[in-house]
Amino acid sequence: MYGNAYIDPNDKAAAILADEDPIQLEAFETRIRNGDKVEPRDWMPREYRKQLIRMIEQHAHSEVIGALPEGTWITRAPGFRRKLALMAKVQDEMGHAQLLYSAAETLGKTREAMINDLISGKSKYSNVFNYPAKTWADTAVIAWLIDAGAIVNQLANSKGSYGPYCRALERICIEESFHLKYGHDNVVYLATGTPTQRAMVQDALTRWWPPIMHFFGPSDKISSHTEILMRWKVKMASNDDMRQQFLSMYVPKIWDLGLSLPDENLIKNESTGKWDFTEPDWEEFKRVINGGGPCNAERLAVRRYAEENAKWIKRALLQQEAKYVVPLA
Ligand code: FAQ
């Protein structure tokens with residue numbers, strides 16, 4: 001439907017797309033159906049652009065903020081080798097943010113505007129990074145299971161429709177798979193260690209499990225963006241499908257280590273082929289993603305401090321660059 005034409009009030013997508021040129025829209029959707037990649041200069045519906053900016057920007061912010069819980073452990077990592085490995089991981093996460101901010105910039109939002117929206121609290125970032133990393137075992141659980149969750153999500157979406165985002169995701173997934181191996185190694189070390197080490201990793205797993213279940217987003221019944229994002233192949237699987245995939249891949253590995261998960265209803269249902277579990281607390285999820293988690297204020301305060309205190313470096317670098325710009329004749 002275009003312009004003032006009749007719109008079925010139950011068709012959410014039709015209402016959103018009512019102002020688009022129907023011929024261009026049809027050509028665009030045919031390209032998506034055919035599996036073509038959309039590139040920055042191509043025609044795209046306004047909603048496609050808006051949704052991609054939202055999602056890629058949130059993803060970039062998640063990498064920046066995601067570096068903080070683990071980053072606080074660099075100086076306390078047990079041993080030089082682990083310090084080096086953790087430093088490399090944190091550095092990788094910041095590199096992912098760079099790639100993702102660049103991908104989002106191709107859609108017309110400046111990096112400065114994105115950073116401002118992060119530090120003002122306007123933009124969201126992943127729920128999981130609003131919880132504290134209380135012990136060394138927390139960093140092991142983050143690196144294993146949160147990176148694993150990120151790979152499930154990003155491997156699927158790297159086959160999606162927007163070229164710059166997909167290319168960034170491919171590279172990110174390769175690096176995340178090193179993180180996953182590093183995290184798994186740390187979890188195995190603790191889980192097969194002394195009783196104190198086992199207790200420490202069990203405690204971390206118990207605390208991180210509910211945020212990890214939230215990580216894939218609200219259940220499909222209440223997810224607001226999945227339908228349109230899947231129609232346009234930005235998301236290649238629904239939130240529930242990704243959660244199920246993660247459970248299938250990692251719950252058996254967790255149980256094999258003799259660790260337990262804090263959900264007595266968690267079981268593979270052989271008749272449906274899916275995992276049954278206690279419905280995550282979506283009220284807690286909403287509170288956390290809207291600023292009310294245990295560490296939201298601290299995380300944003302650190303970023304604000306970093307922005308404020310790094311201004312002189314940016315100024316110095318830009319002036320240095322300006323010195324080498326040769327004026328055009
Ligand atoms: N956290 O309609 P849906 C990483 C919001 S990278 C916070 O289902 P959608 C690497 C959502 O924005 C981790 N908010 O949303 C690392 C929306 O709110 P809005 C990040 C969430 O977009 C590892 C509302 O709920 N990965 O971990 C979350 O279709 C270790 C309704 O939800 C990505 O960003 C959440 N978990 O699906 C770094 C991947 N879930 O905007 C350091 C790309 C939902 O309307 C250490 N993103 N919301 O106000 C995606 O795939 C999707 O955006 C989903 C959510 C699947 C996250």
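Biologist: Which residue meets the side chain of Glu20 in a salt bridge?

Modeller: This is a predicted model, in which local features need pLDDT of at least 70 and side-chain atom pairs count only at pLDDT 80 or more, while totals for chains, interfaces and linings use all residues. Residues are numbered from 1 along each chain as its sequence is written, and side-chain values use heavy atoms, with hydrogens and water left out. A salt bridge here is a side-chain nitrogen of Lys or Arg within 4 Å of a carboxyl oxygen of Asp or Glu. At 3.9 Å, N to O, the partner of Glu20 is Arg46.

Biologist: How many salt bridges does the rule find across the interface of domain 1 and domain 2?

Modeller: The domain bounds, which come from an automatic or database domain assignment, divide the protein chain into domain 1 (1-36) and domain 2 (37-299). Across the interface of these two domains, the number of salt bridges found by the rule is three.

Biologist: What area is buried between domain 1 and domain 2?

Modeller: Buried area is the accessible area (1.4 Å probe) that two parts lose on being put together, summed over both. Carbon and sulfur atoms give 55% of the area between domain 1 and domain 2. In domain 1, Glu20, Phe28 and Ile32 lose the most area to domain 2, together 37% of what that side buries. The area buried between the two domains is about 1500 Å².

Biologist: What is the average pLDDT of the protein chain, and over which residues is the pLDDT below 50?

Modeller: The pLDDT, the predictor's confidence in each residue from 0 to 100, averages 94 over the protein chain, and 95% of the residues score at least 70. Where pLDDT is low, the predicted coordinates should not be read in detail.
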